[in-house]
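Subject: Structure handover

Dear colleague,

Here is the structure for your files. My notes on a helix pair and on the domain interface follow it.

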Amino acid sequence: MKQTWRWFGPKDPVTTDDVAQAGAEGIVSALHHLPSGAVWTPKEIAQRQAEIARMRDGTPSGLDWAVVESLPVSEDIKKQQGDWRDHIANYKTSLENLAAAGIEVICYNFMPVLDWTRTNLAWRLPNGATCMRFDLTDFVIFDLHILQRPGAEHDYDEALREAAARRFAAMTAQARAALAGNVVHGLPGAAEHFSLEDVRAHLAQYAAMTEDTLRGHLIDFLSEIAPMAQALGLRLCCHPDDPPFPLLGLPRVMSTEAQYRTMMQAVDLPANGITLCSGSLGARPDNDLPGMMDRLGDRVHFLHLRNVTRETSNIRGSFHEAEHLGGDTDMVALVEAALKQEARRKAAGRADWSIPFRPDHGQDILDDLGRRTQPGYPLIGRLKGLAELRGVIAALSPRITV
């Protein structure tokens, strides 16, 4: 399992020096400054590779650009509106340029409007650490009372609406503004950061879209790009919805094992694979992460290893980011399933037998609490997670057989 680390580029407070000292072997990055739908040029790709390859004093970092996360799919492509055909053509050109640069693993997602959703980006834990949290009641406050989405009241039962109304009435203007900012934070490090009006405009354009329609648009997209990726020797991997249940009246198509299986069968090429994110998928109690790794592992091209603690037993409920070996996902069993998949691939002679993974997210601990990193991406919290995962891998690896 190749140990990688997400890095947001030269402006990231976490430097390549830090990543090298953490013991990571590769970098997960993207050209965050480019808008969705634009071509990633050879010059821009080479510049990011050069930034990854050196430390602050110019000496080699020993790191390579191992995984792209993400080559974003534009809203036009998801909706099949506007410039979507031009954006698909640009996506293909970007894939060609990435392949020419020797980068093989491309992560993306197909979530409408918002890339991920949390209501609190720094929720305090009993030990003083902070983490990201999704509180369902707070989200209902945002939906009903701040965004004021038409028809939103039909998505929640009476008890939840009443709880949201009581909490909203007690909130200060500052607390309401903070909640709105947290929910619409958008893609970390990306060019797009949505206002409430932006969100309303996008939601209006998705108003008539069903889950089947959005899935059809995903399959249309993959039918265009997966054959090219296959020919170029690339591995595409779709990230799950985060959280893995419908929000804001928007459809979700990558939240369950059945949805992933449908996507892979519709465009049945090895290049059309998945990013198995144990945190996103683990927010649903009906997702069996070790089992999914065992059953879908042949097409798992990238792993996000993180954990969440679910605060209810409902499919749609509150949760918060846990320690990597804590939470509700059996991380040891998941890592064991991944190592077994690698052993099967190696025995079969697959060149891609080593699955890249990164310690996804992390709790802000120690000096993280004063360092302004991207939400969910602290230095020490991720270092702790990587160390724990590395220990699990070291303990299990000698026992793995085909």
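Helix α12 (residues 289–296) and helix α13 (residues 331–347) pack with their axes 8 Å apart, at an angle of about 10°. The two are therefore roughly parallel to each other (angles under 35 degrees, on a scale from 0 to 180 degrees between N-to-C directions). On the α12 side the contact (heavy atoms within 4.5 Å) is made by L289, P290, M293 and D294, and on the α13 side by A333, L334, A337, A338, Q341 and R344. Seven of the residues in this contact are nonpolar, one is polar and two are charged. Helices here are DSSP runs of H or I with at least four residues.

This is a predicted model: local features need pLDDT of at least 70, side-chain atom pairs count only at pLDDT 80 or more, and totals for chains, interfaces and linings use all residues. Residues are numbered from 1 along each chain as its sequence is written, and side-chain values use heavy atoms, with hydrogens and water left out.

The chain is divided into domain 1 (2–115 + 209–399) and domain 2 (120–204), with bounds from an automatic or database domain assignment. Their centres, taken over C-alpha atoms, are 25 Å apart. In the interface, 34 residues of domain 1 are in contact with 33 residues of domain 2. About 2700 Å² is buried between the domains, 64% of it from carbon and sulfur atoms (accessible area lost on being put together, 1.4 Å probe, summed over both parts). V113, L248 and R316 supply 23% of the area that domain 1 buries against domain 2, more than any other three residues.

The count between the domains is one salt bridge (side-chain nitrogen of Lys or Arg within 4 Å of a carboxyl oxygen of Asp or Glu). R133 and E311 meet through their side chains in a salt bridge, at 2.7 Å from N to O.

Regards

Conventions. Angles under 35 degrees count as roughly parallel, over 145 as roughly antiparallel, 65 to 115 as roughly perpendicular and the rest as oblique. Ala, Val, Leu, Ile, Met, Phe, Trp, Tyr, Cys and Pro count as nonpolar, Asp, Glu, Lys and Arg as charged, and the others, Gly among them, as polar. Buried area is the accessible area (1.4 Å probe) that two parts lose on being put together, summed over both.
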